[in-house]
Amino acid sequence: MIRRSFCLGNLIQSLRVASPLSKLGAYCGLTSQAASSLQQVCEPSAHSNAGYEEYADVDWDNLGFGLMPTDYMYITKGTKDGLFEEGQLSRYGNIELSPSAGVLNYGQGLFEGTKAIRKEDGRLLLFRPDQNAIRMKIGAERMCMSSPSVDQFVDAVKQTALANNRWVPPPGKGSLYLRPLLMGSGPILGLAPAPEYTFLVYASPVGNYFKEGVAPLNLYVEDEFHRTSRGGAGGVKTITNYAPVLKALGRAKSRGFSDVLYLDSVNKKYIEEVSSCNIFIVKDDTISTPATNGTILEGVTRKSIIEIARALGYQVEERSIPVEELIDANEVFGTGTAVCVAQVGSITHQGKRVEYKTGDRSVCRELFSTLVGIQRGLIEDKMGWTVEID
Ligand code: COI
């Protein structure tokens, strides 16, 4: 059964007070237990088995973002006319593909990322899985693929999370990352859409995405390589957007940076996206992020942070941001399902390094705490974003 855990419809009222956590407590009506749990969002809570006892044998305190195979995956096939069979759970394992599958030859593939998070009472929450389903449909249209319905997508994610319940970390220790994949699995030799599609969801327990943990990131602005180009497919989550960044990412990491910030490929002047996430800058009470004009991925976390920030009373602008603005920003942060809301401590461009405010009293931390509080069921979900599954 899927049910909305809460839905008032209206956005939370704007309320600006000095301390981020007291602000949250004030308008969210947190219980003192929930408020103290929320503090532990940033410093993971003591291990709590509350409500759930069947955990897999995992070192929950040392989860990173590496693949840890779980018990089950969901799989179904569809025709190019969009008729998908009822999916099935099967043991997690290799799949068989024709050597001439569209995904292998012409990159006809999309992926998604979403998370199941354990509440303090042991139950599981999904966060806006319908948004991932809609994004996959939009991506499928761009890539000439057929795709499962929003309901089938959400049901598949729910089934995969529940079947792998013992791999969902205890409250505050991480999440079960769910990876829906859509691929042209039918054989095709000439360049054309594949005749058959496979939709699959697998899962892995994860902690922090970056090896830095929650420590601020050091980004490198890339002048040579671009993530995507105008008229391309940068706005959708196709697999073909990711391998091309590996060169720049590897080079930046070998120089000690956490990730790469890309510039637009036309003017080579406006900031676009980080390899693994969207980007935001903060200047006084204004939060800005590059507008989604086809080259920027429409992140579910990006969208959620924009709504949360507006509800907290910040002015949020979606616009073109010249790279020079990075010099004047007070804060910079990245958003994504995998990275959550990640503080940026420095950005280096053409040999110049600029440092940013980080820490508990930052805007970034306030937004992070609000988002994670909602995702963990510690803050009342007035947006109707979380889906409790049992
Ligand atoms: C996600 O945030 O879910 C992504 O797909 C990003 C990926 C680089 C891990």
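**Surroundings of the ligand**

In this predicted model, the shell around the ligand draws on two parts of the protein, with at least three residues contributed by each of domain 1 (62-207) and domain 2 (217-358). The residues that surround the ligand are Phe111, Gly113, Tyr177, Arg179, Tyr209, Lys237, Ser276, Thr337 and Ala338. Sorted by class, this shell comprises four nonpolar, three polar and two charged residues. As for its location, the ligand sits in the second largest pocket.

In the case of Tyr177, a polar atom of the side chain lies 2.5 Å from an oxygen atom of the ligand, while for Lys237 the separation between an N or O atom of the side chain and an oxygen atom of the ligand is 2.9 Å. Thr337, by contrast, takes part through its backbone, a polar atom of which is found 3.3 Å from an oxygen atom of the ligand. With regard to solvent accessibility, the ligand taken alone exposes 280 Å², and 89% of that area is buried by the protein.

Methods. Residues are numbered from 1 along each chain as its sequence is written. This is a predicted model: local features need pLDDT of at least 70, side-chain atom pairs count only at pLDDT 80 or more; totals for chains, interfaces and linings use all residues. Side-chain values use heavy atoms; hydrogens and water are left out. A residue is near a molecule or strand if one of its heavy atoms lies within 4 Å of it. A polar contact is a pair of N or O atoms within 3.5 Å; within protein, one must be able to donate a hydrogen and the other to accept it, and residues adjacent in sequence count only if both atoms are side-chain atoms. Accessible areas come from the Shrake-Rupley method with a 1.4 Å probe; for residues, only the protein chains shown count as cover. On a 1 Å grid over the protein atoms alone, a cavity is a set of points where a 1.4 Å probe fits but cannot get out, and a pocket is an open set with protein on both sides within 12 Å along at least five of seven lines; lining residues have an atom within 4 Å of a point. A molecule sits in a cavity or pocket if more than half of its atoms lie within 2 Å of its grid points. Ala, Val, Leu, Ile, Met, Phe, Trp, Tyr, Cys and Pro count as nonpolar, Asp, Glu, Lys and Arg as charged, and the others, Gly among them, as polar. Domain bounds come from an automatic or database domain assignment.
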